[in-house]
Amino acid sequence: MELTIDQRWDLVDRITKETVEVGAYKHTLKDAIADITVRPKTGIPFAIAVIYGFWMFFSTFAGFFTDGFLVKVFGDHYIPWLGSVFPGKGTWLFNIFAGNPAVFQPGYAGDICFEAGGVLTTGLFMPIAVVLPAIIAFYLVMAFLEDIGYLPRLAVLIDTVLHKIGLHGYAIVPTILSLGCNVPGVAATRALETRKQRFMMMVLLGVFVPCGAQIGMMQELIPEKIGFVFIALIIGYFVVGYILNKIWPGQSPEMLIDVPPYRMPTRGNVWRKTWMRTTSFLRVAVPFMLLGCVIVQLLYLTGGMAHLGHALSPVISGGFGLPQETVAPLVAGFLRKDLAVGLLGGIQLTGWQMFSSVVLLSVYFPCLATFVLMIKEQNAKEFGATLGVLAVTVFAYGGILRLIGMGLGVA
Amino acid sequence: MKKKLSEMKYEETGVIKSIGSDLRAQVAGMGIREGKEVKMMSKQPLKGPVVIMVDRSNASIGRGLANKIMVEMKDG
Amino acid sequence: MDKILLMGQANVGKSALFNRLTGARVIESNYPGTTVDYEKGRMLVDGEYVELVDVPGTFSLEPKDGAEEVAVRMLEEEKRATVICVLDASKIERGLYLVLEILERGYPVVVALNMWDVARDSKVKIDAKRLEQILGVPVVPTVAVQGEGIKQLVSRISEAAPVKVAGVIKRTGGEKWNSLLTRDGT
């Protein structure tokens, strides 16, 4: 037998009348903090402080392990050692596994970690030394914010803005998750209400949200420009979101969420989540990263890269004002964004070229794992539209960045 | 005096009188129903969502949905 | 026993309880915390391993978003499952609303009155024995983060059996129970 809503509530009232006694409630400090953090005047500055704190922890933690420790281990010891013991210098095998023989010459001045390019050198350096600390730092803070109960409040505060582009405040959750890895971010769009919201969210995540691995690489290579990269991407997120909301059919229902009280996170739960997410991430990322290294090295060895660079130079050089060599990172970007950014580290670029390359790499194609998931989650029409948005975005960004660069006299 | 939930001011308290029929089932499980006391906890600017308290629980509701809930205000 | 579904509204400490019941030995996970996540683990009930599924949080069986749709679908697909319904004891009213919905659909249910300590601190006193009599299913107070009440909860899973809602209404004792049954309630 099923009751109606009213009948069910009547029954709940009858049951609680018999079994529950509610005493006077005392307002606690926790309630006061809960109020402060959700009221716009105090909540918005608080949210900005939280995000800033998030970033500070992320960059300090990752920097401590990457620069303070792992870069030295790889650059001073492991990679030179591998180059000296790996057999067959000058063969393809050496190039693929150890990397470009030039970097192993005594007195080589460049950054051996990024420039070697072999599967066992750069291919291991990037995931272990740069990406792993960044991802762990990210997931630690994420789990903490989740368990303490802050995310719904952030969703409330940001709903005003996101609702203007047809999304929920709750869209902030897939967005933040995507800042760790786009794959779970795209998966989390299933929690949104309508097909339209899910589609829009997937496009915005796939195109405009860089993953933690990529952010880690950017922080390592261009820490002084990373803020501008974020600004460029945030503008795109809202502009494209606004346009899609106007032209894409479907409903954009309003937010309706529970705002739980704050709670002390338990250490076990935070660690467990961090651990599970980190291992899931590594399973998705590392195979693609290693495969990417093999493909890039093979393209160099066969001369395919030079051909590609030549064939694409009207767009890359003529359109975007970048040197032909950036074709290698662009190829790698199909597999992994962090690998692509890492490859930029091995190319001579001006500051502005570096900045535009990183932005273009971010928007031009989601990494393969995300792409596969999007194919699974979208229907043909949505997928076609996603590709359309991708193409338009890349050319718009390439052109606009070039114009700005020329205006500033740096491109 | 009756008014829409969305018209309640910050820290005002009232009793829920009616909920739009398309919304009732959705909010029922959150404990939001007719006859319950409701307090306005926060209103976001620019027609953003409101945060209300019912039965010691907070919920955030979009402004348009809050328009569909009528509240009887306490007199005086 | 076929399968056990762990259900409850959002933020009732469901995942903490899941960890306690399975000893955090998760065999399958779909990105925890993404709100559409579910996890599967195994727990020991009367000397036998049974699969335990952590269903996404849902406020009612009338889904209001994608995650709740997933939860309702999972319940409907597991016709023979036993349900552990987790409540935030300090917000017992809305928790009971979900319990009744699940009972109405004929599932055997065990109720975990979780966050018992929070309820006590906020002066919500619950007569769990009486509640158990009325509902006709096991009701166990728990504090999942501290591990309190977990053993009792596990030991009583086998007592779960489907109950008739008409019986629940009768046991609330009001002489007007007939009117409740016949009222249309719009």
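**Entry 1: the A–B contact**

I started with the contact between chains A and B, which takes 24 residues from chain B and 18 residues from chain A. I keep in mind that this is a predicted model.

**Entry 2: strand 5 of chain B**

Which strand of chain A is joined to strand 5 of chain B? I found strand 2 (residues 256-259) of chain A, running antiparallel to strand 5 of chain B, with 4 bridges between them. Reading across the pair, I see A:L256 opposite B:I61 and A:D258 opposite B:A59.

I then looked within chain B. Strand 4 (residues 50-54) of chain B is joined to strand 5 of chain B by 5 bridges, and this pair is antiparallel too. Here B:I52 stands opposite B:A59. I noted that B:A59 therefore has A:D258 opposite it in one pairing and B:I52 opposite it in the other.

The hairpin of strands 4 and 5 of chain B has 2 residues between the strands, and B:D55 in this hairpin takes a positive phi near 55 degrees.

How many residues of strand 5 of chain B are buried? I get 5 of 5, so the strand is mostly covered, a residue being buried when 20 or more other C-beta atoms lie within 10 Å of its own. Both faces are covered: B:S57, B:A59 and B:I61 are buried on one side, B:N58 and B:S60 on the other.

**Entry 3: helix 16 of chain A**

Next I turned to helix 16 (residues 337-344) of chain A, where 8 of 8 residues are buried.

**Entry 4: helix 6 of chain A**

With 27 residues, helix 6 of chain A reaches 38 Å from its first C-alpha to its last, close to the 39 Å expected at 1.5 Å a residue. Where is helix 6 of chain A kinked? The kink, about 45 degrees, lies at A:V131, shortly before the proline A:P133. Helix 6 of chain A is largely enclosed by the rest of the structure, because 21 of its 27 residues are buried. After the helix comes A:G149, with a positive phi near 95 degrees.

**Entry 5: positive phi away from glycine**

Most residues other than glycine have a negative phi, and I made a note of two further exceptions.

- B:E11 has a positive phi of about 70 degrees. I place B:E11 in the loop between strand 1 (2-4) and strand 2 (13-19) of chain B. B:E11 counts as exposed because it has 10 C-beta neighbours inside 10 Å.
- C:D46 has a positive phi of about 50 degrees. I find C:D46 in the loop between strand 3 (39-45) and strand 4 (48-54) of chain C. Is C:D46 buried or exposed? C:D46 is exposed, with 10 other C-beta atoms within 10 Å.

Note on methods
Residues are numbered from 1 along each chain as its sequence is written. Chains are lettered from A and ligands numbered from 1 in the order in which they are written. This is a predicted model: local features need pLDDT of at least 70, side-chain atom pairs count only at pLDDT 80 or more; totals for chains, interfaces and linings use all residues. Two residues are in contact if their C-beta atoms, placed from the backbone, lie within 7 Å. A residue is buried if 20 or more other C-beta atoms lie within 10 Å of its own, exposed if 12 or fewer, and partly exposed in between; C-beta atoms are placed from the backbone. The expected span of a helix is 1.5 Å times one less than its number of residues. The bend at a residue is the angle between axes fitted to the seven residues ending there and the seven starting there.
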